[in-house]
Amino acid sequence: MSATLTACPAEPGDTTASDTGTASDTGTGDTLEPTSTGSSTEAPTTGTTTTDGTSTTGEPDPTRIEQILAALDLAMYACPERVWPDVQASYRASQVLLASVEENRAWLWNDQLGEGTPPNVTEGPLDSLPPEWSSTFNVGTLQGAPTLGISLDITAAHNATLEQAGIEVWPDWAILLSFHEGFHFLSAQSDWNVGNGSRTAPYPEPWQPRYLRAALLHALLAAVQGDADALAAAAHWQALLQADFAAELAAGRRYECTEGSAEYASLMMSALVELGCDATDADLLELARSRADDGLFLGIEQYDPGREFYDLGVLAGLLLRGQQAPGWELEVEDGTPPVQLALAGVAPAPQPDDPALQASVQAVVAARNEQLGAEIEPMLEHMQSPEYTRIPVSFNWIAGSFRVGGFYYLADDPAEPEVLLTFSAELDPPSGVAISVSQMTALTGVSTPCALAAGNAIVLTIPTADLQVAADKATAATAKLTFAGLEVEATTDLEGLPWLCPTDAGGAGYAPAEPNPVLDELRAQAHAPGHPLRPLLGR
């Protein structure tokens with residue numbers, strides 16, 4: 001019996017767009033013997049390693065890939081409804097590709113074309129697939145089925161980083177990333193009625209909302225840990241946030257629902273893997289509570305506006321599960337933030353200010369503003385410098401995964417243009433001329449003298465001296481920006497500053513600003529390693 005790990009020929013509608021770009025379904029794989037792990041409702045067997053390489057159970061210790069596959073079998077196939085209702089059909093119709101560049105191997109979990117008892121696993125050479133499947137994570141289709149790609153190499157490196165920081169790896173980062181991103185992309189979360197929103201943070205950033213959110217999160221954590229008075233304290237801080245920062249709360253409602261629930265689900269799935277499908281809800285909840293504040297699932301002390309959505313979802317989800325609130329998950333799917341549900345009917349109890357917490361928040365936010373300024377201010381200077389050339393590229397050209405240190409808007413600019421902090425991506429314009437961007441802070445939402453609409457343009461800046469332009473084709477080879485033979489039209493803006501407008505995007509010619517759904521989606525689901533969800537990978 002044989003099976004093929006194949007990237008099927010692309011057909012109209014077969015490619016799935018996501019925050020990581022698109023996964024191209026082209027190429028063929030080699031014929032390999034499939035591996036079927038089957039499905040189990042019991043927790044993976046563990047034991048103490050002995051000197052002969054076996055565990056105290058008498059069986060050889062499972063390899064890392066075996067442990068990851070077993071976790072997916074249990075939490076994403078056997079009984080995912082123990083974590084969130086009505087997700088099992090979506091998970092069982094989806095696949096996870098575990099990829100290792102170092103080994104040139106890929107394992108396709110729940111291969112929809114596999115033979116035998118599902119979930120089947122097919123192993124094959126990674127280089128038989130398009131390069132985007134080597135990214136930290138990727139979303140697309142393989143063999144006609146929705147597929148989440150996870151890098152075994154990058155997640156292993158992150159495991160090592162956690163261990164060096166003294167944080168227990170529970171679970172393996174590949175498992176955790178599969179659970180979080182799988183909840184987004186494989187559980188039909190796209191059907192939720194959560195509306196639009198924005199988690200773009202202001203620069204410079206005020207400290208006051210971060211202080212109130214930190215106080216709220218501390219109170220919610222205390223409630224999770226059993227403090228009977230903490231919910232009333234949480235209601236107090238939430239009321240102050242609503243009174244003073246209602247617009248920020250409204251803009252973030254979508255992400256409290258989507259990101260918060262995904263992080264809550266990843267915690268509960270991790271507990272499910274350890275205890276098994278037959279575990280009581282009380283035991284699952286107890287384990288999840290004990291693990292919530294172990295350094296992986298909460299980041300309260302970062303005082304980060306992008307991180308707060310995740311923390312709120314974890315804590316409010318644990319409270320709602322403990323309260324056995326009927327149908328709360330469906331209300332979240334319909335756009336009600338978990339914390340609003342957890343505090344429903346709770347009378348606020350006035351709380352004194354916490355000077356120590358306030359000082360801590362102020363210090364962190366001030367340091368963050370200084371760090372952001374070191375990236376943003378030089379970019380703004382380059383945008384105004386005649387010694388630099390501006391090149392707008394399209395969001396639609398992003399291929400595979402992208403990385404961004406955060407989305408910010410310029411609070412002191414009336415137009416509030418947006419900044420992509422330390423943006424990295426591979427761009428694939430229609431001409432096929434590859435454009436590589438690495439750790440470049442860029443601007444979007446600004447008027448340009450090019451035909452590409454302002455809302456769809458990422459404006460890159462490069463010293464003019466680093467550009468070679470001949471016969472309307474431009475070449476650059478710097479640490480942050482490389483391309484060769486990109487067809488462009490040279491022009492200047494109203495201030496006489498030089499621009500190169502790619503002909504792939506229409507060349508020169510002013511275009512009116514218009515909404516950009518691609519940018520909205522990038523903002524909505526930016527899960528790159530630099531995102532606040534993954535702080536230890538660095539910004």
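Trainee: Between which two elements is the loop that holds Pro 204?
Mentor: This is a predicted model, in which local features need pLDDT of at least 70 and side-chain atom pairs count only at pLDDT 80 or more, while totals for chains, interfaces and linings use all residues. Residues are numbered from 1 along each chain as its sequence is written, and side-chain values use heavy atoms, with hydrogens and water left out. Helices (H or I, at least four residues) and strands (E, at least two) are DSSP runs numbered from the N terminus. On that numbering, the loop with Pro 204 is between strand E11 (201–203) and helix H5 (208–224).

Trainee: Is the peptide bond from Tyr 203 to Pro 204 cis or trans, and what is its omega?
Mentor: The bond that leads from Tyr 203 into Pro 204 is cis. Its omega is near -5 degrees.

Trainee: Where does Pro 119 lie, and what is omega for the bond from Pro 118 to Pro 119?
Mentor: Pro 119 is placed in the loop between strand E7 (105–109) and strand E8 (120–124). The bond that joins Pro 118 to Pro 119 is cis, and its omega is near 5 degrees.

Trainee: How many helices and strands does the protein have, and what share of its residues is buried?
Mentor: The protein has 13 helices and 21 strands. Buried means under 20% relative accessible area, exposed means over 50%, and partly exposed is in between (1.4 Å probe, protein chains only). Of the 539 residues in the protein, the buried share is 54%.

Trainee: Which residues of the largest nonpolar core touch the most other members?
Mentor: A nonpolar core is a set of buried Ala, Val, Leu, Ile, Met, Phe, Trp, Tyr and Cys residues joined through side-chain atoms within 4.5 Å. In soluble globular proteins, nonpolar side chains tend to be buried together. The largest such core here has 95 residues, and those touching the most other members are Met 76, Trp 84, Leu 98, Phe 179, Leu 220 and Leu 318.

Trainee: Which residues is Phe 179 in contact with, once its neighbours within four places in sequence are left aside?
Mentor: Contact means heavy atoms within 4.5 Å. With those sequence neighbours set aside, the partners of Phe 179 are Ala 71, Leu 72, Ala 75, Met 76, Ser 266, Met 269, Ser 270 and Val 273.

Trainee: At what angle do helix H1 and helix H7 pack, and how far apart are their axes?
Mentor: Two packed helices are described by the angle between their axes and the distance between the axes. Axes are lines fitted to C-alpha atoms, for helices over the stretch in contact, and angles run from 0 to 180 degrees between N-to-C directions. For H1 (residues 64–78) and H7 (residues 246–275), the angle is about 115 degrees and the axes are 9 Å apart.

Trainee: Which residues make the contact of H1 with H7, and how do they divide by class?
Mentor: H1 contributes Ala 71, Leu 74, Ala 75 and Met 76, and H7 contributes Met 269, Leu 272 and Val 273. By class, Ala, Val, Leu, Ile, Met, Phe, Trp, Tyr, Cys and Pro count as nonpolar, Asp, Glu, Lys and Arg as charged, and the others, Gly among them, as polar. The contact of H1 with H7 therefore has, on this division, seven nonpolar, no polar and no charged residues.

Trainee: How do H7 and helix H9 pack, and what classes of residue does their contact have?
Mentor: H7 and H9 (residues 305–323) pack at an angle of about 60 degrees, with their axes 7 Å apart. The residues that meet include Glu 256, Glu 259 and Glu 263 in H7 and Arg 307 and Arg 321 in H9. By class, the contact has nine nonpolar, four polar and five charged residues.

Trainee: How many of the residues in H1 are buried?
Mentor: H1 reaches 20 Å from its first C-alpha to its last, close to the 21 Å expected at 1.5 Å a residue, where the expected span is 1.5 Å times one less than the number of residues. The buried residues of H1 include Asp 73, along with Ile 65, Leu 72 and Tyr 77. H1 is mostly covered, and of its 15 residues the number buried is eleven.

Trainee: Against which helices do the buried residues of H6 pack?
Mentor: Among the buried residues of H6 are Ala 230, His 236, Trp 237, Gln 238 and Leu 241. The buried residues of H6 pack against H5, H7, H9 and helix H11 (338–342).

Trainee: Is Asp 86 buried or exposed, and at what relative accessible area?
Mentor: Asp 86 lies in the loop between H1 and helix H2 (88–92), and its phi is near 60 degrees, a positive value in a residue other than glycine. Asp 86 is exposed, with a relative accessible area of 65%.
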